[in-house]
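Hello,

Here is the structure I said I would hand over. Please look through it first, then read my notes below it.

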Amino acid sequence: MLAAVLKAFFLAAVASAAAVGDLSKGLRPKLAQAAEIYTPGTPAFDDAKTRWAANINPTFDAIVKVTSEADVQATVAYANAQNVPFLAFNGGHGFSKTLNNFKGGIGINMRGMKKVTISNERTSKGPVAYIQGGAKSGEVIGTAWAAGKTLVAGACDCTGFTGVTLGGGHGWMQGQYGLAIDNVVSYRVVLANSTAITVSAASNPDLFWGLRGAGHNFGIVTQVHYQVYDRTTPADEGFSTKVYIFTHDALEPLFTLLNTWLRAESRPVELTHFGVLLNIPAISPKPIIQLLVFWQGPSFPRKYSDPLDALNPYSVTSNYTDLAGANALVGSNLDGPNCAPGFGRQTFPVDLVEWSPANLRTVLNLFAELPGTGLDTSAMLLEAYAVNGVKLVDAASTAFPLRHGNILAAPTFTYDASNATQDALAYSYGKKVREAMLAGTGQKLGAYVNYAIGDESNEAVYGYEEWRLERLRGLKKKYDPQGRFGFFERIEV
Ligand SMILES: Cc1cc2nc3c(=O)[nH]c(=O)nc-3n(C[C@H](O)[C@H](O)[C@H](O)COP(=O)(O)OP(=O)(O)OC[C@H]3O[C@@H](n4cnc5c(N)ncnc54)[C@H](O)[C@@H]3O)c2cc1C
């Protein structure tokens with residue numbers, strides 16, 4: 001019996017390897033010497049395919065760690081010639097279930113291209129950086145900061161910078177400078193037919209529109225030419241932060257207060273709040289509310305802390321931190337809990353205009369119900385970054401469809417990935433929480449593409465205005481007629 005099983009396994013492996021052909025002869029000579037090819041069953045292969053969410057498993061017959069744009073072109077051309085699919089990856093943090101549709105074919109590991117260069121060039125807004133397609137957000141922040149610059153990057157060190165940027169790119173500095181996509185000067189992109197092009201407002205402007213918000217559908221980005229900013233004032237140097245913990249009874253007055261911040265006509269660019277609902281039985285038998293409030297600048301204004309202090313918090317901790325420290329404060333530094341791979345993870349984004357205390361109460365009660373089998377360590381993310389810079393940009397000028405929103409809410413479930421029951425349970429709670437967040441708002445579901453779980457409609461992810469999807473479908477026909485980039489929130493043509 002064992003012999004038969006081993007034989008079947010062996011035959012399957014041979015068949016699958018045959019699909020990608022003889023890489024050592026067909027592809028290796030076309031790659032730079034530093035590029036590497038990994039095959040299944042080797043530690044390097046296993047290491048490269050490890051992802052943030054253990055329930056997301058695109059399966060590869062081989063992985064090519066590319067080191068240059070020419071390597072990317074050669075790999076795409078080879079995959080096309082073999083008629084096998086290919087998928088670029090970088091930080092491995094994409095968690096859309098649509099990635100599980102990738103079965104067999106070649107993984108293109110971008111981590112061999114992670115150089116970040118602060119250039120001597122300047123635009124009218126300030127200096128620019130050249131960021132290779134395989135850099136992680138933390139690497140970009142570190143290099144820019146060390147050179148005296150600040151920028152919009154993801155609020156998490158371990159995510160791929162390009163992946164974040166292709167979908168929009170939320171971050172701590174967006175109040176001042178807009179989304180990451182609003183800071184892209186140009187992209188270098190390898191298309192499905194393996195040609196490499198520059199994409200900017202002046203060169204292939206139709207694709208420039210699509211890459212900024214729906215970018216995973218059109219090509220492999222080898223380099224981003226990116227706007228950064230000189231740090232010239234004390235406010236550029238960091239954030240005064242307060243971390244409040246409230247017990248559940250503060251929920252209604254707290255979110256009513258936070259709504260006054262969201263609705264304020266002159267909402268400050270410096271003010272971000274970021275809440276989390278989670279179970280901490282040592283503090284309370286019901287989920288608690290952790291509220292992080294960031295003020296960009298050296299001192300936290302009492303105008304914003306006094307009303308919070310008046311709500312009788314369980315605890316409050318004050319701090320001052322730079323941009324990298326802001327990521328660490330939310331547990332999203334490289335060693336932080338949010339970067340830990342190996343867990344089952346599911347996230348269900350809902351874009352909102354303001355808080356509904358009644359809906360949040362329903363959500364808090366749902367989190368109180370989570371069974372104590374590991375799932376109960378999950379968290380409800382309630383992100384309300386400053387949006388001034390985001391709203392200054394014409395909503396029609398990029399494919400990002402959610403500029404009207406103020407809030408990125410998302411239950412994020414963490415659990416033992418080998419437990420199918422927990423996987424199904426997380427999904428059912430995710431659906432209930434999402435429904436609860438939208439109840440009575442009159443809003444249709446808007447789901448930030450980079451947080452999407454994979455069961456959303458194209459409209460929910462790319463916008464309900466018919467012209468947006470029409471334009472994206474047109475770009476798809478022009479730049480990816482065979483649908484080679486179809487594994488991450490695919491635009492249906
Ligand atoms: C812990 C955590 C924190 C996060 N924080 C933020 C945040 O602060 N702000 C925010 O906006 N989002 C955030 N996100 C969401 C994040 O933007 C997405 O998960 C994004 O897809 C991560 O990119 P990646 O390279 O790490 O993932 P991957 O899984 O490697 O890639 C995701 C998708 O992007 C494609 N891709 C990757 N690199 C390239 C490239 N060079 N060219 C073309 N396509 C490419 C892949 O093919 C895949 O389809 C966070 C996610 C997690 C898990």
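**Notes on the structure**

Y385 counts as buried because its relative accessibility is 5%; buried means under 20% relative accessible area, exposed over 50%, and partly exposed in between, with a 1.4 Å probe and protein chains only. Before going further, note that this is a predicted model, in which local features need pLDDT of at least 70, side-chain atom pairs count only at pLDDT 80 or more, and totals for chains, interfaces and linings use all residues. Residues are numbered from 1 along each chain as its sequence is written, and side-chain values use heavy atoms, with hydrogens and water left out.

**Aromatic pairs**

Rings of Phe, Tyr and Trp (its six-membered ring) pair if their centres lie within 6.5 Å; planes under 30 degrees apart count as stacked, over 60 as edge-to-face and the rest as tilted. By this rule there are 24 aromatic pairs. Helices (H or I, at least four residues) and strands (E, at least two) are DSSP runs, numbered from the N terminus. F161 has a relative accessibility of 1%, so it counts as buried. Y226 is buried as well, with a relative accessible area of 0%.

Y385 is in a pair too: its ring centre and that of F274 are 6.2 Å apart, and the planes stand at 75°, so the pair is edge-to-face. Here again distant parts of the chain are linked, since F274 is in strand β13 (residues 271–278) and Y385 in the loop between β18 (379–384) and α13 (388–391), 111 residues apart. F274 is buried, with a relative accessible area of 9%. Elsewhere, ring pairs join W52, F95, F400, Y448 and Y451 into a cluster.

Two arginines lie over rings. A charge sits over a ring if NZ of Lys or CZ of Arg is within 6 Å of the ring centre and within 35 degrees of the ring normal. R212 lies over the face of F208, 3.7 Å from the ring centre, and R231 lies over the face of W145, at 3.7 Å from that ring centre.

**Nonpolar cores**

In soluble globular proteins, nonpolar side chains tend to be buried together. A nonpolar core is taken here as a set of buried Ala, Val, Leu, Ile, Met, Phe, Trp, Tyr and Cys residues joined through side-chain atoms within 4.5 Å. Which residues touch the most other members of the largest core? They are L151, W172, Y187, Y226 and L472, out of 86 residues. Helix α8 (residues 205–214) gives the most to this core, namely five residues. Apart from it lies another core of 46 residues, which includes L254, L277, V293 and Y415.

W172 has contacts (heavy atoms within 4.5 Å) with residues including A153, F239, F274, L323 and Y385, leaving aside neighbours within four places in sequence.

**Strands**

Two strands pair if DSSP finds at least two bridges between them. Strand β6 (residues 126–132) pairs with β10 in the antiparallel sense over five bridges, and A129 has Y226 as its bridge partner. Strand β8 (residues 184–190) also pairs with β10 in the antiparallel sense, over six bridges; there S186 stands opposite H225.

Strand β4 (residues 106–109) is covered on both faces: I106 and I108 on one side, and G107 and N109 on the other, are all buried. Strand β2 (residues 62–65) pairs with β4 in the parallel sense over four bridges, with V64 and I108 as bridge partners. Strand β3 (residues 86–89) and β4 also pair in the parallel sense over four bridges, and F89 stands opposite N109.

**One record entry**

UniProt, in an unreviewed entry, lists residues 56–231 as "domain: FAD-binding PCMH-type". UniProt positions are given in the numbering used here, feature names are shortened, and annotations may be inferred rather than shown by experiment. In the model, the end C-alpha atoms of residues 56–231 lie 39 Å apart, and the span is 26% helix and 29% strand.

Regards
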